[in-house]
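Opening the notebook on this one.

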Amino acid sequence: MSNQVTLSINNQSVTVPAGSTIMDAAQKAGVSVPHFCWHPGLSIAGVCRFCMVKVEGMPKLQIACNTPASEGMKVDTVSDEVKETHKWALEFHLINHPLDCPICDQAGECELQNYYMKVGKYQSQMEDQKVLKPKALDVGDTLVLDTERCILCSRCVRFEDEVTKTSTLGIFNRGDQATIGTYPDRKIKHNYSYNLADICPVGAFTAKDFRFKCRVWFLKETKTVCPGCSTGCNVNLFQNSNQREYYRLKPRHNADVNGHWMCDTGRTMYEHLNASARLASPLLSGQSISSAAALQAVADAVKGLSADKVALVLTAQYTNEEYAGVLSSLKTVLKGTPKVFVWRDESEKADDFDGILFRGDRNPNTRGMMDVLKEHAIQPTMLKGDFSALAGTSPEVTVVMGPEIEAGYPNLQKALSRFSEMKKAVYFGNSLTDAAKKFWLRVPVKTFAEKSGTFVNFNGVAQKLKANPPVFTNVKAVDEYFAEVGKLAHTAG
Amino acid sequence: MPVMNSAYNGRQPNEFKVLTELEGIPNSRSLEVYKKHGGYAALEKILKGKMSQEEVINIVKASGLRGRGGAGFPTGMKWGFVPKGEGEKYLITNFDEGEPGTYKDRYIAELNAHMLIEGKLIAAYAIGASKSYIYLRGEFYDEIAWCEQAIKEAYAAGYLGDNVMGTGFKHHMDVYIGAGAYICGEETGLISSLEGKKGQPKLKPPFPAVKGYLGKPTIVNNVETLAVVPWIIRNGAEAYKKFGTEKSAGTKLFNISGPVVRPGCYELPLGYPLKRFIYEDCGGLIGGKKLKAVIPGGASAPVLTAAEVETMTMDYEAFAAAGSMLGSGAVIVIPEDVSMVEVLENLMHFFKDESCGQCTPCREGTGWLLKMSRGILQGEGQPGDEKKIAEVAGKMMGRTICTFSDAAAGPARSIPQKFAHEFLEYYKKKSSAHGQG
């Protein structure tokens with residue numbers, strides 16, 4: 001028995017594993033079959049009745065999402081009969097929909113709108129009073145629910161049942177009074193809630209964090225990797241292409257890493273990217289200076305020191321390329337390897353895992369960093385709550401590559417205070433915290449959104465970041481700075 | 001045109017007694033009376049005669065018995081779908097009798113619930129189920145009590161339990177009370193409800209015979225279907241086939257409602273002339289009113305005009321040929337002075353209330369059909385609205401998980417098509433004397 005079946009969709013042949021549905025086959029063949037309730041990451045509901053296709057030999061149209069693909073099957077998705085059915089399916093979905101697109105935050109990325117343009121374009125025959133349902137419901141800290149816009153596809157219910165297993169949502173009442181909602185006294189509170197806004201094909205669930213901030217057609221997306229933890233979920237990062245303002249992250253499907261989802265913690269990874277949240281220019285003893293002057297100060301400080309008098313404190317939030325670049329430059333300047341420390345927050349439980357995606361190691365590149373250190377034959381010293389090892393080496397210069405994501409370092413202030421007490425403490429990072437102000441020299445760096453480079457996730461998967469133009473043009477990546485320092489030290493020497 | 005079985009000429013309905021044998025007998029509900037009339041003899045014949053499951057299924061297949069709940073699927077064939085061999089299997093009786101106009105199943109329980117229990121035991125034996133349920137409509141207080149009483153008696157008499165009649169056959173039975181949703185009469189909706197979930201039909205495949213209640217092979221049969229099985233086993237498939245037509249074997253309970261002189265539950269052979277039933281058996285319409293239309297098989301069945309009734313026979317194929325259906329056998333008689341627009345609005349109200357809301361065309365369509373028909377009734381309609389109703393109904397057909405949407409579409413298409421002129425009256429009046437608030 002073969003475990004593959006070959007069928008034809010619109011006369012195009014496609015081979016899929018036995019047990020696949022017509023929808024799976026259509027996806028593989030690149031044939032778009034309109035759908036609302038079907039979602040590749042959830043079980044099959046078969047309720048929207050939108051994905052109907054003609055199967056030769058079957059008297060009635062069949063739903064693509066639940067009809068098994070079989071050998072020699074002939075499927076049609078474009079005949080007049082099928083098109084007419086899609087139009088009517090859309091009409092039924094829309095007769096009680098409020099059509100409040102001008103004030104709906106989903107506009108622009110609404111499947112009702114998209115499908116109307118794709119397979120609809122009919123004149124509605126609905127002239128009667130629409131069914132009215134509760135609006136603007138507060139269903140948790142992150143989401144707002146408009147049950148009138150809901151098309152009852154049940155994606156959110158299935159997500160709650162199958163992915164987070166929190167089962168907060170249900171469809172209550174029946175017929176055209178059927179309404180989506182939370183069970184009495186229940187709120188949506190888990191770390192994956194924004195996925196509900198993503199999978200909602202309409203404007204029923206909207207994200208409090210994003211709604212009414214920016215129309216989606218002003219946004220441009222960058223395919224990159226979430227820096228929020230060691231899972232490294234694949235994401236699209238959305239930026240207003242005119243104002244350079246970052247607004248949100250959404251998951252990007254990667255079966256090997258994050259599937260279809262990402263956590264709410266990861267969703268906040270845009271906040272520190274915008275200008276108001278970060279250090280704009282270098283500060284020497286609190287005085288703003290140029291980048292060139294800052295790098296000259298570093299070069300002067302390390303010049304002539306023996307390697308063991310320079311301490312390099314790393315956090316695992318930089319790319320492989322940055323670690324390699326910094327180490328190479330310093331080795332050249334110092335004619336030896338500096339003392340390398342790895343700073344972990346004292347509260348960290350790196351092996352924690354929530355069972356879905358989120359990991360206790362809040363650094364995106366622990367594995368990559370350790371790999372690079374190994375390549376350079378460096379055995380780093382761990383700094384976790386106890387900083388005596390650093391003080392014990394009495395360095396003349398201490399260079400700290402601070403964490404970009406400070407949320408992963410709840411004891412950041414305490415640690416920074418200790419580091420800043422060191423002689424000639426230099427801080428690379430964008431921190432605006434009080435403790436950071438105590439450093440002798442502070443130099444802003446590029447964020448994950450502004451650099452291309454590699455993160456290696458907990459599982460050893462190496463993934464590339466994609467660089468957007470930097471928010472501050474004077475700001476560079478830490479390896480670029482050290483290349484500069486290398487040149488300056490060389491010139492001076 | 002279907003030809004009536006000539007054997008019915010000159011015979012009265014009381015000569016066709018299969019299910020209604022105990023009618024009029026004092027204390028008919030007791031186990032004693034039931035046994036006196038051959039009760040549990042069929043079960044004994046099977047168990048003590050060591051008949052194979054296959055033999056039982058073959059007798060039922062040979063009898064031509066079709067599901068009496070509405071769909072008319074051949075019963076023996078349905079039983080045959082259950083995978084053979086070991087493993088948990090379930091038999092469920094659909095006693096969620098909710099089709100408007102239907103009151104035949106409760107009549108069986110009123111006569112004697114042991115008919116159902118014996119039929120269930122035989123079916124359970126045939127499919128290899130050691131557990132069965134009677135899913136009862138919550139409003140049927142008396143019937144619940146009668147079924148529970150009969151189950152108790154059957155346990156006491158050794159017909160139910162770990163060792164039925166000392167033969168080693170094990171079967172347990174329970175009553176489960178529904179909450180009055182029409183859709184729980186749909187077999188997969190019923191299974192969902194029995195599982196403790198919201199009563200909504202399930203996506204097929206998988207089919208219940210393979211993966212039903214709690215994911216196990218499950219057969220759902222109507223009360224009337226199961227209750228007639230003991231008679232068939234006792235008297236043989238041939239005896240049963242003497243009633244009815246070639247494709248519609250046996251007798252069937254018909255419930256007639258509307259202004260007829262003698263409404264009630266009648267047992268008739270299938271293929272019986274509808275006109276004769278209304279005018280002779282039921283005494284015609286009260287006050288000699290003229291017949292306008294008949295809904296022949298419960299609310300879901302498309303309406304027949306008085307002209308169509310003239311030659312109609314009451315069997316699966318004749319109703320189907322006329323674009324309607326035998327359904328549950330609930331004959332609803334509509335006299336000349338009832339407005340078909342009111343009938344439509346009434347039916348649409350029912351379907352709008354009872355749609356489970358799962359599939360979009362049904363959820364949205366049933367509500368829309370009600371709004372449109374109510375609008376016409378209230379004098380807000382305009383020419384063409386009746387066509388729009390029929391068109392929308394047409395787009396609801398064959399596109400949903402279960403056939404509820406098709407059922408709602410049945411009258412919504414047939415009434416505007418067959419009685420278009422009555423709609424015109426409403427458009428002219430603009431404000432109708434029949435209007436409801």
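**Hairpin in chain B**

I looked up strand 3 (residues 161–164) of chain B and found it paired with strand 4 (residues 169–177) of chain B, antiparallel, over 2 bridges. Pairing here asks for at least two DSSP bridges between the strands; strands (E, at least two residues) and helices (H or I, at least four) are DSSP runs, numbered from the N terminus. This is a predicted model, where local features need pLDDT of at least 70, side-chain atom pairs count only at pLDDT 80 or more, and totals for chains, interfaces and linings use all residues. Residues are numbered from 1 along each chain as its sequence is written, with chains lettered from A and ligands numbered from 1 in the order written.

I noted Phe169(B) in strand 4 as the bridge partner of Val164(B). The two strands make a hairpin with 4 residues between them, and Met165(B) in the turn has a positive phi of about 50°.

**Sheet in chain A**

Next I traced an open, antiparallel sheet of 3 strands, order 11-12-13. Strand 11 (219–225) and strand 13 (246–251) are the edges with a single partner strand each, so one side of each lacks a neighbour in the sheet. I checked strand 11 against strand 12 (residues 234–240): antiparallel, 7 bridges, with Thr222(A) partnered by Leu237(A).

**Where B meets A**

I have 25 residues of chain B in contact with 25 of chain A (C-beta atoms, placed from the backbone, within 7 Å). Helix 15 (340–354), helix 16 (360–377) and helix 17 (385–395) of chain B each supply at least two residues of B's side. Helix 16 gives the largest share, 11 residues.

Key: Contact = placed C-beta atoms within 7 Å.
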